[in-house]
Amino acid sequence: MTETRVEIFTDGACRGNPGVGGWAAALRHGERERLVTGAAPHTTNNRMELTAAIEGLAALQGARRVRLTTDSEYVRRGVTEWIGRWKANGWKTASRTPVKNRDLWERLDRVAGLHDIEWVWVKGHSGHVDNERVDRAANAAIDDMLRKSTES
């Protein structure tokens, strides 16, 4: 595992919940930066938040030390507090109901397992420069998808 840390900032956006959604992840390693984005026509905000974290981590080459910053307590607490119990309980919650978004939680668990990750939460829309940037990028991904769908 490389010693220099990669910073990843993630955000998901949804217009309606469910509705059209977008996600973005900004990766920073030293002076190098990369932005990855995407959108989905019918999704939820939580799915977009999870997808942003998954795709940000999947964009890394090789095992890394990572600080992943998200404004989603659902993602941060899910991966740091809840996922172990969910897996031990056959992907059931404490109330014995199926875990929502299991497919994405399983993907996040696999990709996160490759790295040494510090999960950081920041309040959304609070002026955090990088969080605001990925919020704009997630919304731009929605706009791009909507524009392309009207052009076809």
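Analyst: By class, the lining of the largest pocket has four nonpolar, two polar and five charged residues, where Ala, Val, Leu, Ile, Met, Phe, Trp, Tyr, Cys and Pro count as nonpolar, Asp, Glu, Lys and Arg as charged, and the others, Gly among them, as polar. The model is a predicted one, in which local features need pLDDT of at least 70 and side-chain atom pairs count only at pLDDT 80 or more, while totals for chains, interfaces and linings use all residues. Residues are numbered from 1 along each chain as its sequence is written, and side-chain values use heavy atoms, with hydrogens and water left out.

The residues that line this pocket are V6, L27, R28, H29, R32, E33, R34, A59, L60, Q61 and R64. A pocket here is an open set of points, on a 1 Å grid over the protein atoms alone, where a 1.4 Å probe fits and which has protein on both sides within 12 Å along at least five of seven lines; lining residues have an atom within 4 Å of a point. The volume of the largest pocket is about 220 Å³, taken as the space filled by probe spheres set on the points, with grid points joined across faces, edges and corners. Two or more lining residues come from each of β2 and β3 (32-43), strands being DSSP runs of E with at least two residues and helices runs of H or I with at least four, numbered from the N terminus.

Because R28 lies in strand β2 (residues 19-29) and D130 in helix α4 (residues 129-151), the pair ties together parts that are 102 residues apart in sequence. D130 counts as buried at 15% relative accessibility, whereas R28 is partly exposed at 22% (buried means under 20% relative accessible area, exposed over 50%, and partly exposed in between, with a 1.4 Å probe and protein chains only).

The structure holds 16 salt bridges, among them one between R67 and E118, whose closest N and O atoms are 3.1 Å apart. R67 lies in strand β4 (residues 64-70) and E118 in strand β5 (residues 116-121), so this pair links parts that are 51 residues apart in sequence. Salt bridges with shared partners also join R5, E7, R67 and E118 into one network.

As for the nonpolar packing, the largest nonpolar core has 31 residues, and those with the most contacts inside it are I8, L57, L68, W105, L108 and W119; such a core is a set of buried Ala, Val, Leu, Ile, Met, Phe, Trp, Tyr and Cys residues joined through side-chain atoms within 4.5 Å. Both β2 and β3 are among the elements that each supply at least two residues of this core, although α1 gives the most, with six residues. Leaving aside neighbours within four places in sequence, L68 is in contact (heavy atoms within 4.5 Å) with I8, T10, A53, L57, I117, E118, W119 and V120. A second, separate core of nine residues includes A13, A26, A137 and I142.

Conventions: Salt bridge = Lys/Arg side-chain N within 4 Å of Asp/Glu carboxyl O.
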